[in-house]
Amino acid sequence: MSNTPLDQSGVWRYREFYPFLNDLKHVVTLREGNTPLLDAPLAARYAGLKRIAFKHQGFNPTGSFKDNGMTCGASQAVRLGMGRVACVSTGNTSASMAAYASAAGLQPVIFIPHGNISYGKLAQALEYGARTLQVEANFDQILALVRVLAGRLGIYLLNSINPFRIEGQKSIMVELMDQRDWRVPDWIVLPGGNLGNTSAFGKALREMKEMGLIDRLPRLAVIQAEGAAPFYELTQRPAGARLEAVGNPETLATAIKIGDPVSWPKALREVVTSGGVVEKVSEQEIADAKAQIGLCGIGCEPASAATLAGIRKLVAGRVIDSEADVVAVLTGNVLKDPDYIYRYHTGQLEAPGGRQIQSAFGNQPVVVPNDADRIAALLEAT
Ligand code: F0G
């Protein structure tokens, strides 16, 4: 018998390691994963921590953590022989699904809230060839709509309610532990929207503990934007309470502008099991934290920066110890939302409701004449 993991017809022998794929021809990959773990001393100081590391999912092929799940979801769609796949998205899932579906020869159909996703993400969907439907409704309303349509039209749904995507997102935690030589951090901090990622991370960590790969669970801290914080509010009520949806969620961090997160029961279980917490942060706190991550030379999209803002708040509130070993997951690339960045640095960023965001760490570009003397004078003066 040869020692190849494939049998004569190219089928993977070790079913226990491939719980759903039995034919490697079905694998759809754009070489996702292997994202860096970056030390960020400046951000640590800002948050009041001795040190912090960012696991940066923005280094993925389409610039977000969605790719880790989409490789699995798209592979399952191929395995099932589906022709069309669909999702509703605040932008990153649609960008990722568009890319993976097109790479696999499937037709991607995406549903997005009209006028409410960043141009970077919309542009990706168009470029990757997705049939793009901008619906006059918010994320939560469109999700209900798409669940009905998918059944009626026989389209395979690749939202985070798709269990294969959640299985794929678990790999982010496995990778992280491998990078740390299986040393468990005290805290893992992530932004919370629809809460699929929280449920994936929690499941991965529990399973690694059951398998003996790690000896304890890190605590999960989930951070939401103040105007879209139904999960935070749930954790402020007595145990056993149900989530109350926010009817009109508002935040400039459009990736997490979700009022009725579908995965809340699973996410709650994971937060409780890990001894974790849920926190909420303001638009101003997100904007300033984002600028600080930028000053580390790292950068991220607004939703990702909720992590650092939340950590700062939790350190100030003595929930996270300043000596703690903290990993924050940056979920999306800095170039996802350049409009937000430009507005912040030029003092034009307005929070929902019209309140001006203070550009505490603003960096104004300067227009100069084509004149060496005047440019030299300007640079010498500052
Ligand atoms: N960060 C970014 C950059 C995201 O795009 C999302 C979710 C989250 C955090 C929250 O993750 O939903 O698992 O709690 N984006 C989804 C989308 C909703 O459609 O792209 P979650």
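Ala, Val, Leu, Ile, Met, Phe, Trp, Tyr, Cys and Pro count as nonpolar, Asp, Glu, Lys and Arg as charged, and the others, Gly among them, as polar. This is a predicted model, where local features need pLDDT of at least 70, side-chain atom pairs need 80 or more, and totals for chains, interfaces and linings use all residues. Numbering starts from 1 along each chain as its sequence is written, and side-chain values use heavy atoms, without hydrogens and water.

**Exercise 1.** Describe the shell around the ligand by class.

*Solution.* Start with the count: 20 residues surround the ligand (a heavy atom within 4 Å). Among the closest are S89 and T331. Now sort the shell: seven residues are nonpolar, 11 polar and two charged.

**Exercise 2.** Find which domains give residues to the shell.

*Solution.* The bounds come from an automatic or database domain assignment.
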